[in-house]
Amino acid sequence: MADLLSNIPGLDLNKAVEECIRVFNDKIKNMNRLNIVVAGKTGVGKSTLINSIFRENLAETGMGKPVTAHMRKITKEGVPLSIYDTRGFELGKDAQKQVKEEILETVKAGVESKDINNAVHCIWYCINTASNRIEPEEIEWLRDFGKSNRQTSVPVIIVLTQSFSKKKAEEMKRIILDENLDIVQAVPVLAADYEIDDDIIIKSYGLDTLVKIMSEALPDELQDTLQNLQIVDLEAKKYRAQAAVATATAAAIGECIIPIPLADCAVLIPTQVAMIATITAIFGINISKSMLIGFVSSAIGTSGTTFIGKAMFSNFLKLIPGAGSVAGTAVSSATAGMLTTALGEAYIALMTAVWNGEISSDDLATEKGREKFKALFKKRMKLSNKNGKTK
Ligand SMILES: Nc1nc2c(ncn2[C@@H]2O[C@H](COP(=O)(O)OP(=O)(O)OP(=O)(O)O)[C@@H](O)[C@H]2O)c(=O)[nH]1
Ligand SMILES: [Mg+2]
């Protein structure tokens, strides 16, 4: 297989891997920025929520810089997210009114900029379920805010934090929904496990639901960003990554409508590179050159034992009498599509394994890591064959 690849002029894997890292870095740099206002009284659990949903422990490291009297903007280099953390909700009506004005001004400034990177995309209004009650001022605040927000219609999600008791949370949710506020939904969450006793621990829950509900309220331009940032829903990442594989597969098919000579198949590389970079960005994992080279060599293999290896053998080598020269073979759209899907699915399997901690990105550069990945990959492909699909 290594021979096969090296027989294709212009196909330099080392260069493709470097290109992939460049495209990935560009992608992260140019990703649309997600901007969220997180409102609610002190101690409700805003920081805990932010750190539990998004990568990089944002609320701990970046204390944020004050942007208005009652709002700090939390950002971190390389993370396409801004959190507007509010203060002062507990200080009474005047302060609450000011917070409202400041949020509305920030929303308005975003709209006027006509730049998706400056717009406020969502508001999380946090209410502590454990506090046992909803203050009438909070309902009034939400109603007033809804009126002023009618034109701008930034989605507002009520987050019922510290919902140790699901029963109580459901009660609170019903009371809120009965108010007919202009909100997307009220979502009970327990952001971090809650230890009642050494042997009684309530597991965190609801974070994936919050991410799903927000995702439905966001435009398509922010979906990759959201997946890059969130750390609570692996299935959502996989789903989004599979969409990227479908897009790349369609592109590869299009590139080979007129079968291209194998000698020219390096023209397919940018599509594959873009797909790998997009999947990596969706998983929010940092890739290194050694990791990617590890992936390519274990996915394609040198002996044709892997899925992609087999696909290449059956589609290229078997067509070549004597297998002496491969340069004359043509790549059909079916072959190009199948290889792209296989590469994409293999890469999603790899990212999932890294995500689950079954393999570390450093591991991949080692022989042991490659063996582990091959085993994982084989298991996965067997499962997919049983299901009759390559998912
Ligand atoms: N176990 C557990 N503790 C939580 C949860 N949410 C908040 N807490 C605790 O409640 C306290 C306040 O949480 P924070 O996240 O700091 O609240 P905040 O809204 O950011 O507070 P301010 O920054 O002061 O406005 C901390 O001691 C948290 O550990 C949760 O989901 N589970
Ligand atoms: Mg905080």
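Modeller: Serine 153 lies in the loop between helix H6 and strand E6; helices (H or I, at least four residues) and strands (E, at least two) are DSSP runs, numbered from the N terminus. The model is predicted, with local features needing pLDDT of at least 70, side-chain atom pairs pLDDT 80 or more, and totals for chains, interfaces and linings using all residues. Residues are numbered from 1 along each chain as written, chains are lettered from A and ligands numbered from 1 in written order, and side-chain values use heavy atoms, without hydrogens or water.

Serine 153 is not a glycine, yet has a positive phi of about 35°. The loop that holds serine 153 also holds asparagine 149, and runs between H6 (136–148) and E6 (156–161). Asparagine 149 counts as buried because its relative accessibility is 5%; buried means under 20% relative accessible area, exposed over 50%, and partly exposed in between (1.4 Å probe, protein chains only). Leaving out residues up to four places away in sequence, asparagine 149 touches Leu104, Val154 and Val156, where contact means heavy atoms within 4.5 Å.

Glutamine 162, in the loop between E6 and helix H7 (166–178), has a positive phi of about 50° and is not a glycine either. With a relative accessible area of 25%, glutamine 162 is partly exposed.

Now the rest of the chain. The chain has 15 helices and eleven strands, and 50% of its 391 residues count as buried. Of the contacts with a separation of 6 or more, 70% join residues 24 or more positions apart. The accessible surface is about 18,500 Å², and carbon and sulfur atoms account for 52% of this area (Shrake-Rupley method, 1.4 Å probe; for residues, only the protein chains shown count as cover).

The largest nonpolar core has 37 residues, and Ile279, Phe295, Tyr347 and Met351 touch the most other members. Such a core is a set of buried Ala, Val, Leu, Ile, Met, Phe, Trp, Tyr and Cys residues joined through side-chain atoms within 4.5 Å. Helices H2 (13–30), H10 (234–255), H11 (269–283), H12 (289–300) and H14 (333–355) each give this core at least two residues. Tyrosine 347 is in contact with Ile276, Ile279, Thr280, Ile287, Leu292 and Phe295, when neighbours within four places in sequence are set aside. Another core, of 31 residues, lies apart from it; Val44, Ile50, Ile74 and Leu218 are among its members.

Ile50 is also one of the buried residues of H3, along with Lys46, Leu49, Asn51, Ser52 and Ile53. Six of the eight residues of H3 are buried, so this helix is largely enclosed by the rest of the structure. H3 (residues 46–53) gives the largest share of the shell around ligand 1, three residues.

In total, 15 residues surround ligand 1, the closest being Thr42, Lys46, Ser47, Thr48 and Ala191; a residue counts if one of its heavy atoms lies within 4 Å. One oxygen atom of ligand 1 is 2.6 Å from an N or O atom in the side chain of threonine 42. There is also an oxygen atom of ligand 1 at 3.0 Å from a polar backbone atom of glycine 45, and a nitrogen atom at 3.0 Å from a polar backbone atom of aspartate 193. On its own, ligand 1 has 650 Å² of accessible area, and the protein covers 67% of it.

Definitions and conventions: A polar contact is a pair of N or O atoms within 3.5 Å; within protein, one must be able to donate a hydrogen and the other to accept it, and residues adjacent in sequence count only if both atoms are side-chain atoms.
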